[in-house]
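Colleague: I have some questions about the labels on this model. Could you show it and take me through them?

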Amino acid sequence: MRVGVLTGGGDCPGLNAVIRAIVRRGIQEYGLEFVGFRDGWRGPLEADTVPLDVPAVRGILPRGGTILGSSRTNPFKEGRAGRSGVERIKDNMSDLGIDALIVIGGEDTLGAAARMNAMGIPVVGVPKTIDNDLGATDYTFGFDTAVNIAMEAIDRLHTTAESHHRALIVEVMGRHAGWIALHAGLAGGANVILIPERPFDIEQVCGYVEHRFQTRYAPIVVVAEGAHPLTDELSLTSGDLDEFGHVRLGGVGSFLAREIEKRTGKEARCTVLGHVQRGGTPTAFDRVLATRFGLRAVQAVYEESFGTMVALRGTRIDLVPITEATRELKLVPPDRYAESEVFFG
């Protein structure tokens, strides 16, 4: 069997660990052959491939990013010369002698994979997103690394905030789900955590900030990029949409800094962590989880368990229908957010 491998959507630490595990087990135990597709769905659309053998994956375990490259290409928007994107992928897979795909990605990439599988392309999915918002799996790799990066930034900001008696706002990633903000804020001792699932009252936020100053400590506010006030919609940097119809978010941290200064009279500054959260070497947790995902994914291909995604359930790696994983986002439940509110102010 010849298997294609691609990584789509936003990059994150741990992708290379998955690729390494797929190739090592697939070749050594199952005698499979692998082809890497460059830059997400663009690879199979353009038949743009790279060799993927054991020498190609040596030394990549600790590396961030992905050796295959990534993109947000939507294969269902890529018709050309009378052929749909799906037809082009099928034709290219046939020409390359590829029997199945292992697709490593998040909500959009795996959503496309589920549709591909329903249209006759054998697919196994691997969940990847720093946002940890994919259903059917307890955790996705990349999340733990992103949280640790954000936590370390918050730790450093505490000292400069207290030295200058400023309120510091830390904007982290999280379009629809506030898992990074919740975990990093709790671990970093933030005084307010704002997430997309719970629209915030700016007056209440300012009340928390003022109370913190009264204790002679400076406040740290952690906010997910998709968080917004009760009276406003999402903060946007532009009205541009990506290929999956998502708007580019950003600006809520700067909005908070302005409002806090205006309403409290205290100096406030915003730090946007942005893509720093995606980069660098993965944590031990993410390396192990990504490796286990890769091992189980290639086993699923060998067993021809197509239309599935690997998932962490407790400490086990199970297979779930890929449609189940992409049916709805996993959001922060109210009881988890209530735990963090104990430490507000």
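Colleague: What makes helix 7 mostly covered?

Modeller: This is a predicted model. Helix 7 spans residues 179-188, and eight of its 10 residues are buried. Buried means under 20% relative accessible area.

Colleague: Which residues of helix 7 are buried?

Modeller: Trp 179, Ile 180, Ala 181, Leu 182, His 183, Ala 184, Gly 185 and Gly 188.

Colleague: What covers the buried residues of helix 7?

Modeller: The cover includes helix 6, strand 6 (167-172), strand 7 (192-194), strand 8 (220-224) and helix 12 (334-341). Contact here means heavy atoms within 4.5 Å.

Colleague: Why is Val 342 called exposed?

Modeller: The cut-off for exposed is over 50% relative accessible area. Val 342 has 64%, so Val 342 is exposed. This residue is found in the segment after helix 12.

Colleague: Which residues make the nonpolar surface patch?

Modeller: Leu 186, Val 342 and Phe 343 make a patch of about 310 Å². Patch members need over 30% relative accessible area. Val 342, at 64%, therefore passes that cut-off.

Colleague: Why is Glu 304 called exposed?

Modeller: Its relative accessible area is 53%. Exposed means over 50%, so Glu 304 qualifies. Glu 304 lies in the loop between helix 10 (284-302) and strand 12 (308-313).

Technical notes: Residues are numbered from 1 along each chain as its sequence is written. This is a predicted model: local features need pLDDT of at least 70, side-chain atom pairs count only at pLDDT 80 or more; totals for chains, interfaces and linings use all residues. Side-chain values use heavy atoms; hydrogens and water are left out. Helices (H or I, at least four residues) and strands (E, at least two) are DSSP runs, numbered from the N terminus. Buried means under 20% relative accessible area, exposed over 50%, partly exposed in between (1.4 Å probe, protein chains only). Patches are made of residues with over 30% relative accessible area and no salt bridge: like charges are joined within 9 Å, nonpolar side chains (Val, Leu, Ile, Met, Phe, Trp, Tyr) within 5 Å. Accessible areas come from the Shrake-Rupley method with a 1.4 Å probe; for residues, only the protein chains shown count as cover. A salt bridge is a side-chain nitrogen of Lys or Arg within 4 Å of a carboxyl oxygen of Asp or Glu.
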